[in-house]
Amino acid sequence: MNTLKIIILSFLSFCFFQAGYAKERSEYKCSYRLEYLSDTLARKQFRPEIYIVQVGNNITKGFTYQKFYLDSLQTNNPQLYKTLFNASIQESIEAMRTTGDVSHVHNSAFHYGNFASTLYKDYKKNEIRVVDNISTYSFVFTDELSPQKWEIQNDTATILGYACQKATCSFRGRNWVAWFTTEIPLSEGPWKFYGLPGLITKVHDTEEHYSFELIGFQKKEETIDTKIPKTVQKIERKEFIRSKMGKKAARITESEMAEVGLPSSNNQKVIHYDYIERDY
């Protein structure tokens, strides 16, 4: 797997994806450390990820670096992607046959991670577009663009050197605690969060299942790629979450495992984490 990572990083250093397809431009780039649990009972985490927010005049885009890199590789050099993907899958298959543990797939260099959504806050159309995955299948749904009902508190803290103030809200079945800084007067934040009088520097739910913390901020003009492939299937938001967390996702996984000769019993495991939104 180390060889695969070296090849991937070497390829990505060419930055083939810079051209993009979009006409939108970002003015700022925020980097967050994203942590979330794979098992809420044992308090086990998925690997931490870097969540990027590109802030433009009309569109703000949020995505993980892992998904961006893999999509970039697949778009710009599909043959290399296929070769490396097949090698990674074969390595994971052999590991699963030996141990019966599907976590090898999650730790693969070619796994999108469990937070694979790409999110667009479109202020012109007044909507949020979300592209997300169930296994290797991609779906898109729209959501209302509406700020959370924040309650600003008196508590203060310093995050990444910025003076911050506390705010709380309830959103889609979870209670959230956020910190924002008026030193960066952008009413933005990671994922669907926004609407405070400054950039959100940290936000987590009170059960600490999901957490975003700012680790970098810069004024940087970049292309915001807004193209959604035609192969992406349209779906309703709640239907997507029910599918991802329920039997549909299990059937897809079992089918894919059967194709490579693995018994579906390897996937008979109770899911001990929940989607970031619980109102489904």
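How many aromatic pairs does a search of the whole structure find? It turns up 16. Bear in mind that this is a predicted model. Here are my notes, starting with the rings.

1. **Tyr-28 and Phe-217.** Have a look at this pair among the 16. The ring centres of Tyr-28 and Phe-217 are 5.7 Å apart and the planes sit at 15°, so the pair is stacked; the cut-off for that label is under 30 degrees. Tyr-28 belongs to strand β1 (residues 24-39) and Phe-217 to strand β12 (residues 210-224), so the contact ties together parts that are 189 residues apart in sequence. On the Phe-217 side, the residue is partly exposed, with a relative accessible area of 23%.

2. **Phe-141 and Phe-240.** Here the ring centres are 5.6 Å apart and the planes make an angle of 35°, so this pair counts as tilted. A strand meets a helix in this case: Phe-141 is in β7 (residues 137-144) and Phe-240 in α5 (residues 237-245), so parts 99 residues apart in sequence are tied together. Both partners come out as buried: Phe-141 has a relative accessible area of 2%, and Phe-240 has 0%.

3. **A lysine over a ring.** Lys-61 lies over the face of Phe-63, and the distance to the ring centre is 5.1 Å.

4. **Cysteines.** If you were going to look for disulfides, the structure holds zero. A disulfide would be a covalent bond between the sulfur atoms of two cysteines. As for individual cysteines, Cys-30 counts as buried at 0% relative accessibility, and Cys-164 is buried too, at 4%.

5. **Trp-191.** Check the backbone here. Most residues other than glycine have a negative phi. Trp-191 is not a glycine, yet its phi is positive, at about 55°. You'll find Trp-191 in the loop between β10 (174-181) and β11 (199-205). Despite that loop position, Trp-191 is buried, with a relative accessible area of 5%.

6. **Glu-208.** This is another residue to check for its backbone angle: phi of Glu-208 is near 60°, a positive value in a residue other than glycine. Glu-208 is placed in the loop between β11 and β12.

Technical notes: Residues numbered from 1 in each chain as written. Predicted model: local features only at pLDDT ≥ 70, side-chain atom pairs only at ≥ 80, totals over all residues. Heavy atoms only, no water. Phe/Tyr/Trp six-rings, centres within 6.5 Å; stacked < 30°, edge-to-face > 60°. Helix = DSSP H or I, 4+ residues; strand = E, 2+ residues; numbered from the N terminus. Buried < 20%, exposed > 50% of the residue type's maximum accessible area, 1.4 Å probe, protein only. Lys NZ or Arg CZ within 6 Å of the ring centre and 35° of its normal. Disulfide = S-S within 2.5 Å.
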